[in-house]
Amino acid sequence: MDDREALFDSLAAHHWAVSDTLVPSPLYESLYHACRQEWDAGHFREARIGRQHSDSLRIEIRGDSICWMTPENAGMEADDFLAWADTLRQDLNREFYAGLNSAEFHFARYSEGRGYKKHLDQHHQNTQRRLSLVLYLNRQWNDTDGGELCLYSPDNDAAEILRILPKPGRLVVFRSDIIPHEVLPCVQPRWSLTGWFRSDHVPD
Ligand SMILES: O=C(O)CCC(=O)C(=O)O
Ligand SMILES: [Fe+2]
């Protein structure tokens with residue numbers, strides 16, 4: 001079975017999947033450099049929770065700083081990644097008839113001691129986010145560095161089903177609407193690229 005089929009099988013069976021081999025190392029390594037460049041240029045902002053008018057800064061709930069990938073800051077690395085992600089999106093559509101028609105991504109950095117409390121990525125008022133993707137950009141990560149992503153059962157959000165270390169180049173994909181998840185506090189800065197495949201309404 002190839003890596004992509006393994007990902008689809010896990011998504012079909014569990015609504016989540018983890019792969020250490022799907023994203024080629026030159027791609028995630030160059031994304032790490034792009035991410036560091038954005039950080040050094042001061043382009044990250046403390047992330048907020050909620051949507052639009054009710055957005056608020058609550059670092060005890062959500063502790064990361066983020067930088068959206070936009071056409072302005074999209075260098076070659078971002079272009080390569082977006083092309084790679086688009087192929088994955090189309091394959092997912094073929095496999096699951098998922099109607100995923102757009103994508104959005106941001107770099108994220110959690111400082112030491114920060115995490116993100118248990119949540120769902122799909123907001124009640126806004127159901128366009130269908131699949132969550134997280135690609136870890138850390139150069140190296142030890143078992144004692146914390147910062148694990150914990151996934152909880154869709155049927156019981158007190159039941160932990162998986163704890164994932166943010167190892168270099170590891171990709172995690174899960175259903176945005178039903179998989180509660182949490183980022184445990186990390187002991188060194190934690191870098192990632194996070195995004196969503198969406199089903200946006202297309203006017204007739
Ligand atoms: O970085 C992670 O492991 C997950 C981040 C997350 O849950 C989010 O940004 O919504
Ligand atoms: Fe999330």
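**Exercise 1.** How far is an oxygen atom of ligand 1 from an N or O atom in the side chain of Asp121?

*Solution.* The model is predicted, so that local features need pLDDT of at least 70 and side-chain atom pairs count only at pLDDT 80 or more, while totals for chains, interfaces and linings use all residues. Residues are numbered from 1 along each chain as its sequence is written, ligands are numbered from 1 in the order in which they are written, and side-chain values use heavy atoms, without hydrogens and water. For Asp121, the separation from an oxygen atom of ligand 1 is 3.1 Å. Turning to His181, an N or O atom of its side chain is 2.9 Å from an oxygen atom of ligand 1, and for a polar side-chain atom of Arg190 the value is 2.8 Å. Of the 300 Å² of accessible area (Shrake-Rupley method, 1.4 Å probe) that ligand 1 has on its own, the protein covers 98%.

**Exercise 2.** Identify the strands that pair with β9, and say how they run.

*Solution.* Strands are DSSP runs of E with at least two residues, numbered from the N terminus, and two of them pair if DSSP finds at least two bridges between them. Strand β1 (residues 16-19) is joined to β9 by 4 bridges, and the two run antiparallel; here Ser19 has Leu171 as its bridge partner. Strand β6 (residues 129-136) is also antiparallel to β9, with 5 bridges, and Leu133 stands opposite Val173.

**Exercise 3.** Is strand β9 mostly covered or mostly uncovered?

*Solution.* In β9 (residues 171-175), 4 of the 5 residues are buried, that is, under 20% relative accessible area with a 1.4 Å probe and protein chains only, and the strand is therefore mostly covered.

Key:
Buried means under 20% relative accessible area, exposed over 50%, partly exposed in between (1.4 Å probe, protein chains only). A polar contact is a pair of N or O atoms within 3.5 Å; within protein, one must be able to donate a hydrogen and the other to accept it, and residues adjacent in sequence count only if both atoms are side-chain atoms.
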